[in-house]
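This report covers helix packing, a surface patch and a salt bridge.

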Amino acid sequence: IIATIIGAVGIAGMFAINSADTKLYEKQTKPLSDMFTITTNLYKMRADLLSATLNSEDLNSLKNYEDDFNSLVSSYKEAAEKYESSIASSQSKALFDEAQNIFNNEFLTLSQKVFSLLKSGNSSGAEASIESASKSIDKMFADYSQCIDNRFSNAKATSDSNDRLFLFLSI
């Protein structure tokens, strides 16, 4: 009877540990791939804007940069939608919302303006537009970076809790 009770507690403990580890992966670690897609695409979009500005005389290149930019925007939006649904803390939600607001209301508007200026041959106006928006864009990157830091902190806390559960059940 004692062996059965010990075995049942052990099996229940293994299920609890498995559930906690699955939660750690599914809810806290896996969504990081979406955030990495978001930030990687932002850097690529920024590079496309700068490259388009530098190569604005070549209309074929300009079109390629704009097409690539628009493709990255689509991928960014998909990843942002998936990531947003995984946010658990109000602080991270506020940071994410602020960054999304900058992206949708400033960065995309700026990008459309830059491509329009470049198509009309005004590369100096495009460069000035990019420069004027750099603080907002930097704030967007800082917000996303803090979201990542918050998620790592929460994942570490969950991992530590899982370790304590394992130790408790091992005793």
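A patch is made of residues with over 30% relative accessible area and no salt bridge; like charges are joined within 9 Å, nonpolar side chains (Val, Leu, Ile, Met, Phe, Trp, Tyr) within 5 Å. Areas come from the Shrake-Rupley method with a 1.4 Å probe, and for residues only the protein chains shown count as cover. Here I1, I5 and V9 make a nonpolar surface patch of about 350 Å². I5 is found in helix α1.

The model is predicted: local features need pLDDT of at least 70, side-chain atom pairs count only at pLDDT 80 or more, and totals for chains, interfaces and linings use all residues. Residues are numbered from 1 along each chain as its sequence is written, and side-chain values use heavy atoms, with hydrogens and water left out.

Helices are DSSP runs (H or I, at least four residues), numbered from the N terminus.

| Helix | Residues |
|---|---|
| α1 | 2-29 |
| α2 | 32-54 |
| α3 | 59-84 |
| α4 | 90-119 |

The axes of α3 and α4 come within 12 Å and cross at roughly 170°. Axes are lines fitted to C-alpha atoms over the stretch in contact, and angles run from 0 to 180 degrees between N-to-C directions. The two helices are therefore roughly antiparallel (angles over 145 degrees).

A salt bridge puts a side-chain nitrogen of Lys or Arg within 4 Å of a carboxyl oxygen of Asp or Glu. The count is 8. D34 forms a salt bridge with K82, the closest N and O atoms being 3.6 Å apart. D34 lies in α2 and K82 in α3, so the pair ties together parts 48 residues apart in sequence.

Definitions and conventions. Parallel < 35°, antiparallel > 145°, perpendicular 65-115°, else oblique.
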